[in-house]
Amino acid sequence: YHILHKIIWKNRAKRLEPYTEKFYGVMPARMEFLKKMYNLADNKVELLVMGADDEKVAAALKPESRKRIREIYGIDESDFLIVTGGKIDNAKRQTLQLMEAVNQFGKAKLLVFGSVADELKEDVNRLCSDSVQYIGWVDSSNTDQYFAAADLVAFPGRHSVFWEQVAGLGIPMLVKDWPGTHHIDVGGNVKFLKEDSVSEIHNMLNNIIEDKEIYKAMKKVAVEKGMAM
């Protein structure tokens, strides 16, 4: 922080600034970092949103792809499917809260993929049920197919590049409210979690799934605006 960024990289950035048209940050939070840490001019820093591969989006959104993923895991077309993915460790224990909330809710199915830290494997296995499945690691080239099979994608922990990928797929999201990550909300496709609690996740799922108009509005924005990010 004090040597690499405040001295070395700040010096390099300031030397490059006269010859650079734009410095891009892939999140609003990273734009602020460039401006505050390296003292770069506001008009030289812009947002470059990480999105989704158009060709992969088209393939993932085909009805047969959605049907295939659901059939593999015994998810009926009528089931409301939630998907979450990414590394599960002590920094992202909120995934366990999501699993517990879905078990309590009982009106949705949840697929969880990603690596699990050794100390959390027992907890993950304990929370698996008829409603919640942990399906192990999914190759990065196939993650879009799993997300596209979902009705809702949930990321109750820290930000990852999956957030922008799911927005590009046109799938509504439930995510943790982190400063500098609101760029994925393009007008109502996202609901933000303010706390780290099972009860908040449970209540939010209840609102989204039980109130058909809320979900319908989220889906409309996700498709019409999220896919155009």
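The structure is a predicted model in which local features need pLDDT of at least 70 and side-chain atom pairs count only at pLDDT 80 or more, while totals for chains, interfaces and linings use all residues. Residues are numbered from 1 along each chain as its sequence is written, and side-chain values use heavy atoms, with hydrogens and water left out.

Helices and strands were taken as DSSP runs numbered from the N terminus (helices H or I, at least four residues; strands E, at least two). Helix α1, residues 4-16, and helix α2, residues 28-38, have axes that come within 9 Å and cross at roughly 100 degrees, where axes are lines fitted to C-alpha atoms, for helices over the stretch in contact, and angles run from 0 to 180 degrees between N-to-C directions. The helices α1 and α2 are therefore roughly perpendicular to each other, on a scale in which angles under 35 degrees count as roughly parallel, over 145 as roughly antiparallel, 65 to 115 as roughly perpendicular and the rest as oblique. On the α1 side, H5, K6, W9, K10, A13 and K14 meet F33, M37 and Y38 of α2, with contact meaning heavy atoms within 4.5 Å. By class, this contact of α1 with α2 has 5 nonpolar, 1 polar and 3 charged residues; Ala, Val, Leu, Ile, Met, Phe, Trp, Tyr, Cys and Pro count as nonpolar, Asp, Glu, Lys and Arg as charged, and the others, Gly among them, as polar.

Helix α8, residues 162-169, is largely enclosed by the rest of the structure, because 8 of its 8 residues are buried; buried means under 20% relative accessible area, exposed over 50%, and partly exposed in between (1.4 Å probe, protein chains only). The buried residues of α8 are F162, W163, E164, Q165, V166, A167, G168 and L169, and the helix is followed by G170, whose phi is positive, near 80 degrees.

Aromatic pairs were assigned to rings of Phe, Tyr and Trp (its six-membered ring) with centres within 6.5 Å, planes under 30 degrees apart counting as stacked, over 60 as edge-to-face and the rest as tilted. By this rule the count comes to 10 aromatic pairs. One of these pairs joins F33 and Y38 edge-to-face, at 5.7 Å centre to centre and with 80 degrees between the planes. In this pair F33 counts as partly exposed at 32% relative accessibility, whereas Y38 counts as buried at 10%. An edge-to-face pair is also formed by F147 and F155, at 5.8 Å centre to centre and with 70 degrees between the planes. Here F147 is buried with a relative accessible area of 0%, and F155 counts as buried at 5% relative accessibility. Both F147 and F155 belong to one aromatic cluster together with Y73, F113, Y146, F162 and W163.

V124 lies in helix α6, residues 121-127, and counts as buried at 2% relative accessibility. Apart from residues up to four places away in sequence, V124 touches L96, M99, V116 and Y134.

N189 is placed in the loop between β7 (173-176) and β8 (190-193) and counts as buried at 0% relative accessibility. The side chain of N189 reaches the backbone oxygen of I184 at 3.0 Å and the backbone nitrogen of V186 at 2.8 Å. With residues up to four places away in sequence not counted, N189 touches P172, M173, I184, M218, V221 and A222.

W137, in the loop between β5 (132-134) and α7 (143-148), is exposed, with a relative accessible area of 63%. Leaving aside neighbours within four places in sequence, W137 is in contact with G114 and S115. The C-alpha atoms of W137 and G114 are separated by 4.5 Å, although the two residues are 23 residues apart along the chain.

Terms used: A polar contact is a pair of N or O atoms within 3.5 Å; within protein, one must be able to donate a hydrogen and the other to accept it, and residues adjacent in sequence count only if both atoms are side-chain atoms.
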